[in-house]
Amino acid sequence: MIYRSFFLSGFLVLASGLSISKLSSAQTLGIAQNLDFLTPSTGGKFLHWHGDSDRTYFLQIAEPSDPLKSWFWAPFIEAGNDEDITFEIDGTAEKGFFRLHYTDQLPGTGETLDTADYDNDGLTNLQEITHRPRPGGIAGFPGLSPNIQTNPLLADTDGDGLTDKWEEDHGLDPTDNGTRDTNNGPNADPDRDGLTNLQEQSAGSNPHAIDTDGDGISDSSEVEQGKNPNDASEAPAADWFVLVGDKPEGEEKIQIREFTIKKGTARLVVVGTESKEFPEWTEPSSEYDDVLDWTVVASVGTYYISGNVHVNDRHIDWLAAQINSTTLHGIGPAHIEGAKIFQAPPSADITVSVVLRATNVSDGILPSSVIVGLLPLDFIDKTSTRLTELKVGKMYPSVVTGTGLPGSVVSLNLDADQDRFRVRVRDGAALSSVKMKFGTVDNPDPAYNDDPTEYTLETLGGDAITKNMLLVADSIDDDHEKSYSSPKKDDEPDDITHKIQLGGNFKISEVQAGYGTWSPADLKLPVNKKKTVKVQFVNCTYGIFSTNPCWSSAQIEWAKLKMQERYAQVGIEFDFPAVLAGSDIGNSGILSDSEIPTFSPAAGKISFPQKTKDIVDSVSPNDFYNTLMIYLVKGMGLSVTHHHGVATPPKYVDSADIRFQNKILLANNYLYDFTAAHEALHILTDSAHSAPPYNDFSTEYADDNTIWTVPPDNEFAARRSNQSIGSTKRISTGQESKAQSSPLAK
């Protein structure tokens, strides 16, 4: 005898032992299931039945307020074992109904009655009969119980084709087939991604997530293109949504779908139309005139595309599309109705809602379609990795070759630059043609804003993509000829170099898809500074009365400009406080050989003559830890080889002379544009020239690193009398990391 007790009150009884119906079988075939109504024995205290061997029993009790319609499961599971089972009801049971469910299914190896899952729905027997919160709550349904139980012998309690655990795991009510809340039904689409709940279950995707695997492509697009919506590594290139107007005559077909644009990313959104009425039945006089309508709107921003058209008004446009072979997603000829770049902010995803309508006005035979594509648009580096910011290119040797001297052959190979980038439209080949206009904006100095130039993207695989492009620091680099199929100079179509400053933005200002109209755009990618270095210029004086500055204001500003441009290559910006007045150099303003700091390779140290010490000490404060100090003189050295600049990297300064580290002496006789930048690199990388054993730069700092330029008209031009530019017009990748790590770089 097995005895169990349970408190019940106020139940009616039905005749004992009356078997009224069979339950549907469990998922395991061949397992007998049945149910009996039970009644307590005399006195209303006990339920009795004989427990057959190898049988499991569950008990249901009718809700007193809804007898014979609403039932709940008693909190017990019992094995038969060929014994009588008594269930005590602690209370009055004279107004209740009891329903005994039983099955010949038994627990598997290692399982108990509680932990077994008889209906194979993913919930254990005990979990199913345990009261638990109703998924989705009861908002809008007053009086509904906040808790649910499910049938341990039915994988799909509400019979809607969705298994209990799948529904519960995904916030759907497994006891509602959509009768109460349509979102719980098999054909509902709570996330409006284009897949019904039944389709989401089949695909294993989340019915409350437009993009289950977070790869940027909606679940429906992945399923429609034969991809797995749960595997981010298996994503198709883009989202596509096609409405085919195939309803009977005069009946409107409408479809709504939502897409996600992930934070900080952009999409080229394209809308096109196509009709099987073309070409025979789209003449203006044709009676067969389908109507197409589209609305594409983003949840954030002002991104919007909408319109409608009678297909008879598109005959000429489709004829042009046919001539130009314009298709959309392989469907064509297609006319591009609109194209716009939608961009999500850096902080949050945005939702794009698409509503498409089609009506067959006079027939339901030849359908017309609206095609919408949401194509990821991104900037990629040399390894095709997506970029969130850009860098200024270095055009280091092998990128630009040749001296520019008479007879020299100069070429530009941007494919060799470490900081090259491309603009790519995924699945862009499906558009037949993509054009954009590129330029730079928001530079601290507007003179560096590069006017937009038109660029036609090429096809690579299924994508539309640019050739390698480069951001450059000055007009000279921006005017290098392009060495691909034909020469292209600055601002010509398909120009691949664009001038910019740190703090500026590279911008896509317009876009054209297919052979449609140009659409304005405002997609930007920044060139951010990484570090700031404070540089204090000290302008010494010379002459009998020491009134003449060694450098003119124009010379100082030119040196500053060249420093800013060069170090944009490595993300370093210079802070230039007001120029200070320095010491009197003497009548000539020229330091002799004996007055210039000298480096001894044998000792590995710099020696400082008294004259140099006096020049440095004449300015207060002497901030040798936080400021790069540049002392300007007329000239240095009277020997055959004139010095243009001398630097004092900390590594080579004796501890007794520490206040003289991070200093530069700079002459303006035989002024070279990049001398200040050259000497600053010694300080910022704490390195010397290639004098063994102190060859820190080796050939990276060799003075024969000549680079071709077009000499500008400015009197301080780099090339004079066909002299080529020396080192430090370019800064290498290795020098970049050293310079950014300098203690002076904040």
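Biologist: Why is Arg-55 called buried?

Modeller: Its relative accessible area is 17%, and buried means under 20%, with exposed over 50% and partly exposed in between (1.4 Å probe, protein chains only). So Arg-55 counts as buried. Bear in mind that this is a predicted model, where local features need pLDDT of at least 70, side-chain atom pairs count only at pLDDT 80 or more, and totals for chains, interfaces and linings use all residues. Residues are numbered from 1 along each chain as its sequence is written, and side-chain values use heavy atoms, leaving out hydrogens and water.

Biologist: What makes Arg-55 and Asp-104 a salt bridge?

Modeller: A salt bridge needs a side-chain nitrogen of Lys or Arg within 4 Å of a carboxyl oxygen of Asp or Glu. Arg-55 and Asp-104 meet at 2.8 Å, N to O, so the pair qualifies. This pair links distant parts of the chain: Arg-55 is in the loop between strands E4 (46-51) and E5 (56-62), Asp-104 in the loop between strand E8 (98-103) and helix H1 (125-129), 49 residues apart. Helices (H or I, at least four residues) and strands (E, at least two) are DSSP runs, numbered from the N terminus.

Biologist: And is Asp-104 buried or partly exposed?

Modeller: Asp-104 is partly exposed, because its relative accessible area is 29%.

Biologist: How do you know that Lys-391 and Asp-419 form a salt bridge?

Modeller: The closest N and O atoms are 3.6 Å apart, so the pair passes the salt-bridge rule. Here too the partners come from distant parts of the chain, 28 residues apart. Lys-391 is partly exposed at 34%, whereas Asp-419 is buried at 10%. Elsewhere, salt bridges that share partners join Arg-134, Asp-173, Asp-176 and Arg-180 into one network. A search of the whole structure finds 34 salt bridges.

Biologist: Why is the pair of Phe-537 and Phe-576 called tilted?

Modeller: Rings of Phe, Tyr and Trp (its six-membered ring) pair if their centres lie within 6.5 Å; planes under 30 degrees apart count as stacked, over 60 as edge-to-face and the rest as tilted. Phe-537 and Phe-576 are 5.7 Å centre to centre with 35° between the planes, so they form a tilted pair. Phe-537 lies in strand E30 (residues 531-542) and Phe-576 in the loop between strands E32 (572-575) and E33 (580-584), so the pair ties together parts 39 residues apart in sequence.

Biologist: What makes Arg-99 lie over the face of Trp-71?

Modeller: The rule asks for NZ of Lys or CZ of Arg within 6 Å of the ring centre and within 35 degrees of the ring normal. Arg-99 is at 4.0 Å from the ring centre of Trp-71. The charged end of Lys-437 likewise sits over the ring of Trp-518, 4.7 Å from its centre.
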